[in-house]
Amino acid sequence: MNTIQIQQQEVICALATPSGVGAIAVIRVSGLGSIALVNTVFKGKNLENAESHTVHFGTIQHAGEIIDEVLVTVFKTPKSFTKEDSVEISCHGSDYIIRQILKLLITKGARIAKPGEFTQRAFLNGQFDLVQAEAVADLIAADSQASHKTALNQLRGGFSKKLASLRSELIHFASLIELELDFGEEDVEFAQRDDLRRLINALLEAIEPLINSFDFGNAIKEGVPVAIIGSPNVGKSTLLNALLNEEKAIVTSIAGTTRDVIEDTMVLEGLKFRFIDTAGIRETTDLVESIGIERSKAAMEKADMVIFLFDSEETFQENKELAKLLAPTKQVLYVLNKIDINPSEAERLQKLENEIIAISAQTQKGLPDLTRKLVSMVHKQSAGDTVVTNLRHYEHLVKTYDSLTDVINGLSLGITGDFLAQDIRLALHHLGEITGTIVTDDLLDNIFSKFCIGK
């Protein structure tokens, strides 16, 4: 019996709700004998005779002393999150009560769960695959409609089904190649090379958009970084304050007020954005301002999008080429500010740059047009319903793509089946590592150690 199997025989317990004083707290208990263990400290209905998915009122007692009045929910194997016998104790949210109940459970033979151990047991017991297990953490951390929708799609198996389909097709040809190796001396060919080439090309076409979706998926998960750049005093800080609807940045009529990068987040139409107000770009002898400008350039490099803000033809011409130079691979949005002061400026400047959005950060006129444009620019990056948000998945998809490319190159060169089989096995290995078909203890420890203890 390996270490993981031994651990699964143990009863584990942990607080499943956030720590801190609240009305209610939930303590989760799972493992072989967990119902009987809780039954020794619960006074009410005999939990061992209770039906699965039933809730029972009673008290938790120790040495005849009542610790708390509680509701206990019973989940019997295999109809629980972990597929083990499990109990959830809903008690009052006092830190003292929580500590006393956990201490009592430990004296009865339970131990405190490791981070993510409940979800790890669910994975090991076949409740879901590794992609879905990781989606549990993403769902808990989701702070926007888009990140919630993506995590929920992965939790329900959207990404896993696509990978399983790719892998099953590849396994079929891998088995034929392996069969050829068994009859190597007879020079037979079970796997038709043209059919294999068509399959590999189809797999490459399916994997490529998944790889390309990672930037979009990461932006959904972490927030789309948008740098606001331009000359000093064109209204960058005013725009940041207007977008956030709060006085985040200091605004004065003195050029060069912003000396450091200021950043904050907001959600627009379900998408999370990270707006970065940068120091105005200009030649200066002021040491502190120079440092701020260098930080602005660094912020632009990290941003997915750049709002190039200007308030006249002069400030437009000053920094247009510099913006392109600093952000050659970025999506640049040209935004004319201060139209409340000079409303005719927009028509004249649109002859120089077609897609100019005219706004007044001060009066917030045109701001809805700007936010709609930002949202539409993000959605253009979408590759469909299935989006890769996890760096581990992205890395293995890239390695799968490289291995399949090696198969195509090998077919063109006419290499023998044993070398083709090696590259196909490698592709299958990387696909298997994503879903957990191929898994190691170290991989599981690395993934689940990032979860909270009660999950």
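Start by selecting arginine 372 and aspartate 369: the two form a salt bridge, with their closest N and O atoms 2.5 Å apart. Keep in mind as you look around that this is a predicted model. Both residues sit in helix H14 (residues 367-379), three residues apart, which is about one turn of the helix. Colour them by accessibility and you will find arginine 372 partly exposed at 46% and aspartate 369 partly exposed at 40%.

Elsewhere, salt bridges with shared partners tie Glu10, Glu84, Arg111, Glu117 and Arg121 into one network. The structure holds eight salt bridges.

Next, select glutamate 117, a member of that network. Glutamate 117 forms a salt bridge with arginine 111, where the closest N and O atoms are 2.6 Å apart. A second salt bridge joins the side chains of glutamate 117 and arginine 121, at 3.7 Å from N to O. Glutamate 117 and arginine 121 are four residues apart in helix H4 (residues 117-124), so about one helical turn separates them. Are these two residues buried or exposed? Glutamate 117 is buried, with a relative accessible area of 4%, and arginine 121 is buried too, at 2%.

Now move to serine 86, in strand S6 (residues 86-93). Serine 86 is buried, with a relative accessible area of 8%. Show its side chain and look for threonine 82: the two side chains make a polar contact at 3.2 Å. The backbone oxygen of glutamate 84 also lies 3.2 Å from a polar atom of the serine 86 side chain. Leaving aside residues up to four places away in sequence, serine 86 touches several others, among them Val29, Ile35, Thr73 and Phe75.

Helix H6 (residues 145-155) is the next stop: select Ala146, Ser147, Thr150, Ala151 and Gln154, which are buried. Look down the axis of H6 and these buried residues fall within an arc of 125°, so they line one face of the helix. Turn to the other side of H6 to find Gln145 and Lys149, which are exposed. Just after H6, pick glycine 157, which takes a positive phi of about 95°.

Leucine 71 belongs to strand S5 (residues 65-75) and is partly exposed, with a relative accessible area of 39%.

Key: Residues numbered from 1 in each chain as written. Predicted model: local features only at pLDDT ≥ 70, side-chain atom pairs only at ≥ 80, totals over all residues. Heavy atoms only, no water. Buried < 20%, exposed > 50% of the residue type's maximum accessible area, 1.4 Å probe, protein only. Helix = DSSP H or I, 4+ residues; strand = E, 2+ residues; numbered from the N terminus. Arc of directions from axis to C-beta. Polar contact = N/O pair within 3.5 Å; in protein donor to acceptor, adjacent residues only side chain to side chain. Contact = heavy atoms within 4.5 Å. Salt bridge = Lys/Arg side-chain N within 4 Å of Asp/Glu carboxyl O.
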